[in-house]
Amino acid sequence: QVQLVESGGGLVQAGDSLRLSCAASGRTFSSYTMGWFRQAPGKEREFVAAISWNARSTYYADSVKGRFTISRDSAKNTVYLQMSSLKPEDTAVYYCAAGSTAWGLNPRKETYNYWGQGTQVTVSS
C-alpha cells in the first residue's frame, strides 16, 4: 500500500560523501516515522537512523552518529540520508522504511511496516 523507492547509492572512496533519497507514495507520508537501515553481505539488517513524522526528532545508530544526517521533505514525500566521512564499513545495501508513529523513533526493524528495495553503497579504502 505504501511504496518506497531508494536512490542515490554508488561507489565512493573513504572520506567521501553521498546522499540517499527515498521517495514515498501511497498513504500520507507525514503519518509515518521514517527510517534507514543497512545490510552488508552475510550480516543482518541493522538500524542506521530514524526521523519523526514532524521532523522534530531524529535518532542515530552510534556507528553513524556525527557523520550521517537524516531529513525529510513532506512537500516532496521524500526522506534523505546525507552520509559524510564514509568508511569502508559503511558498505551495505541501504533500505528506506516507514513505520507507525505510535512506535516513535524505534531502531527495531520489526516496528517498520513498509520497505524499499534498497540501494547499494560501496565505500572503497
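This report walks through the fold, the strand pairing and the core of one protein.

**Overall build**

The model is predicted. The protein has 11 strands and zero helices. From the N terminus on, its elements run β-β-β-β-β-β-β-β-β-β-β. The radius of gyration is 13 Å, close to the 14 Å that the globule rule gives for 125 residues, so the protein is as compact as a globular protein of that length. Along the principal axes, the C-alpha atoms fill a box of roughly 40 × 25 × 25 Å.

Of the 125 residues, 42% count as buried. The protein exposes about 6,500 Å², and carbon and sulfur atoms supply 44% of that area. Among contacts with a separation of 6 or more, 60% come from residues 24 or more positions apart.

**Strand pairing**

Strands of a sheet pair through backbone hydrogen bonds, either parallel or antiparallel.

| Strands | Sense | Bridges |
|---|---|---|
| Strand 4 (residues 32-39) and strand 5 | antiparallel | five bridges |
| Strand 5 and strand 6 (residues 58-60) | antiparallel | three bridges |
| Strand 7 and strand 8 (residues 78-83) | antiparallel | six bridges |

Strand 5 pairs with strand 4 and with strand 6. A49 sits in both pairings: its bridge partner is W36 in one and Y60 in the other. Five of the six residues of strand 5 (residues 46-51) are buried, so this strand is largely enclosed by the rest of the structure.

Both pairings are hairpins. Strands 4 and 5 have six residues between them, and G42 in the turn has a positive phi of about 80 degrees. Strands 5 and 6 also have six residues between them; here A55 takes a positive phi near 65 degrees.

Another group of four strands forms an open, antiparallel sheet in the order 1-3-8-7. Strand 1 (3-7) and strand 7 (68-73) are its edges, each pairing on one side only. From one strand to the next, the twist averages 15 degrees. Within this sheet, I70 has L81 of strand 8 as its bridge partner.

In soluble globular proteins, nonpolar side chains tend to be buried together. The largest nonpolar core here holds 34 residues, and L4, M34, W36, L81, M83 and Y94 touch the most other members. Elements that give two or more residues to this core include strand 3 (18-25), strand 9 (92-100), strand 10 (112-115) and strand 11 (119-124).

L81 ties several of these names together. Leaving aside residues up to four places away in sequence, L81 touches W36, A49, I70 and Y94, among others. L18, L20, V48 and F68 are also among its contacts.

How values were computed. Residues are numbered from 1 along each chain as its sequence is written. This is a predicted model: local features need pLDDT of at least 70, side-chain atom pairs count only at pLDDT 80 or more; totals for chains, interfaces and linings use all residues. Side-chain values use heavy atoms; hydrogens and water are left out. Buried means under 20% relative accessible area, exposed over 50%, partly exposed in between (1.4 Å probe, protein chains only). Two strands pair if DSSP finds at least two bridges between them. Axes are lines fitted to C-alpha atoms, for helices over the stretch in contact, and angles run from 0 to 180 degrees between N-to-C directions. A nonpolar core is a set of buried Ala, Val, Leu, Ile, Met, Phe, Trp, Tyr and Cys residues joined through side-chain atoms within 4.5 Å. Contact means heavy atoms within 4.5 Å. The radius of gyration is taken over C-alpha atoms; the globule rule is 2.2 Å times the number of residues to the power 0.38. Accessible areas come from the Shrake-Rupley method with a 1.4 Å probe; for residues, only the protein chains shown count as cover.
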